[in-house]
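Hi,

Here's the structure I promised to pass on. Have a look, and my notes follow below.

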2 protein chains.
Amino acid sequence: MPKQTFLNLPKEKHDTILNAAIDEFAQYGLENASTNRIVANSGISKGSFYQYFEDKLDVFKYILTVLEHEKIVFFKDTHPPSRNMDTFQYFRWMIKTGMEFNSSYPRLVYAISRVLLGEGLYYGQMFAENRIKANKAFEMMIKQAIERGEVDPSVDVDLAVMIMETWSNAISTYILNEGMKQKDIMKWVRSAKTQEKIDKMLYVMEYGLRKTESQFVAGI
Amino acid sequence: MPKQTFLNLPKEKHDTILNAAIDEFAQYGLENASTNRIVANSGISKGSFYQYFEDKLDVFKYILTVLEHEKIVFFKDTHPPSRNMDTFQYFRWMIKTGMEFNSSYPRLVYAISRVLLGEGLYYGQMFAENRIKANKAFEMMIKQAIERGEVDPSVDVDLAVMIMETWSNAISTYILNEGMKQKDIMKWVRSAKTQEKIDKMLYVMEYGLRKTESQFVAGI
DNA sequence: CTATAATGTGACCAGTCGGTCATATGACTT
DNA sequence: AAGTCATATGACCGACTGGTCACATTATAG
């Protein structure tokens, strides 16, 4: 956390420094953010910076708490439209309120995302080619599936492609994160438990989370 | 692309260098990867490195093509179990073959993911706290929803939480990437088109991609 | 007005970075 | 043996890094 010295600063100076830091993180991420540049852009000296903060990680952590605080305030001020919503309606409200929040603080949110999502955001163009290729394949699959009557035609193609990509990435990331912890990743991937997990994920992609009439009937 | 000099190298040396680079990217990502360390760890001189490659981006691009090449070979050698699969079965096969591939080349895949997913992988612990808090909320929502008979009880709670998190992140990322391109992000977020897009995403989360009997009946 | 404490400053440190280049090596040709 | 040419080397460069510290400035108190 920042030292008291920083918190005592007049609001204007406080904000100038914080904004310079936010811009720096947004542009360079955490590791490559330069304290020298932050200092230069906020018009304070190097020494002051280290009087205010432990180091740049300290600054970033502070920015995180600012975000968290703003978010809590924002959600507290925004009441759900109705008291009697089911879970899906409530989730939808949460998502949409989150969107409103994000677009109210785009720079702040972007800076933090830049750190979390990392260089990928920047070098994204490099892989755009591969992504486009993969998505072309998905597109063909979906079109064919709609023709065959397998996929709900009210879902448009672009959206379906995005969904397949999302699932594909989510599963890859899951496998990577969990798998790297295992001694024998190959054995783990092939284990009944892991396979079952994947099956369930894909099942939800197919049929969704909601309990429907047909599930009662079919007894799935 | 690497210069011919590099491609002429005896396989052993070629692999040593590439492995050192893969390890470096896996540990430090793209921007913070150090050519000095790669050179030291692969036992070649600084000069040689620049005789082999333009720069470190060149190395990374080469590693990408290696991955792509290996993947193509892997998929070509793995035939689908059956010719008559529907789209969902085929997608499932693709995902599982992809998993097999990833666990066959974990270091290679991890290094590339480290670059794409970025520092977040490393500093992940910092945000673990926030994530856990958010997921606790999701967990309660899901449990309640199952009690109410809104969510399919055959989907277990952990999985449902992961799914909500995935959707939540996917939508945030989408809004962030698309939204930052707009002049007036607030206006864009509130536009009917954007809202409809989100509605459709959440609809699919609820009901899945597959066309079901009930959809025919309900005429959705 | 003086003394004390708090805050602000930037030259400076040791270290790392990506990248260059004059020189050395060694295999192959004449 | 002499000459040629691709390859290999590491000292060296300027730029930048995060971080320190002796000193300057300002605010507060007696």
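B:Phe25 touches B:Leu30, B:Ala33, B:Phe60, B:Ala111, B:Arg114 and B:Val115, leaving aside residues up to four places away in sequence; contact here means C-beta atoms, placed from the backbone, within 7 Å. B:Phe25 also turns up in the largest nonpolar core, which has 93 residues, and is listed with A:Phe25, A:Ala160 and B:Ala160 as having the most contacts inside it. (A core is a set of buried Ala, Val, Leu, Ile, Met, Phe, Trp, Tyr and Cys residues joined through C-beta atoms within 7 Å; buried means 20 or more other C-beta atoms within 10 Å of a residue's own.)

Before you read on: this is a predicted model, where local features need pLDDT of at least 70 and side-chain atom pairs pLDDT 80 or more, while totals for chains, interfaces and linings use all residues. Residues are numbered from 1 along each chain as its sequence is written, and chains are lettered from A and ligands numbered from 1 in the order written.

On the interface, 70 residues of chain B are in contact with 70 of chain A. The largest share of chain B's side, 12 residues, is from α9(B). That side has 37 nonpolar, 20 polar and 13 charged residues.

Cheers

Definitions and conventions:
Two residues are in contact if their C-beta atoms, placed from the backbone, lie within 7 Å. Helices (H or I, at least four residues) and strands (E, at least two) are DSSP runs, numbered from the N terminus. Ala, Val, Leu, Ile, Met, Phe, Trp, Tyr, Cys and Pro count as nonpolar, Asp, Glu, Lys and Arg as charged, and the others, Gly among them, as polar. A residue is buried if 20 or more other C-beta atoms lie within 10 Å of its own, exposed if 12 or fewer, and partly exposed in between; C-beta atoms are placed from the backbone.
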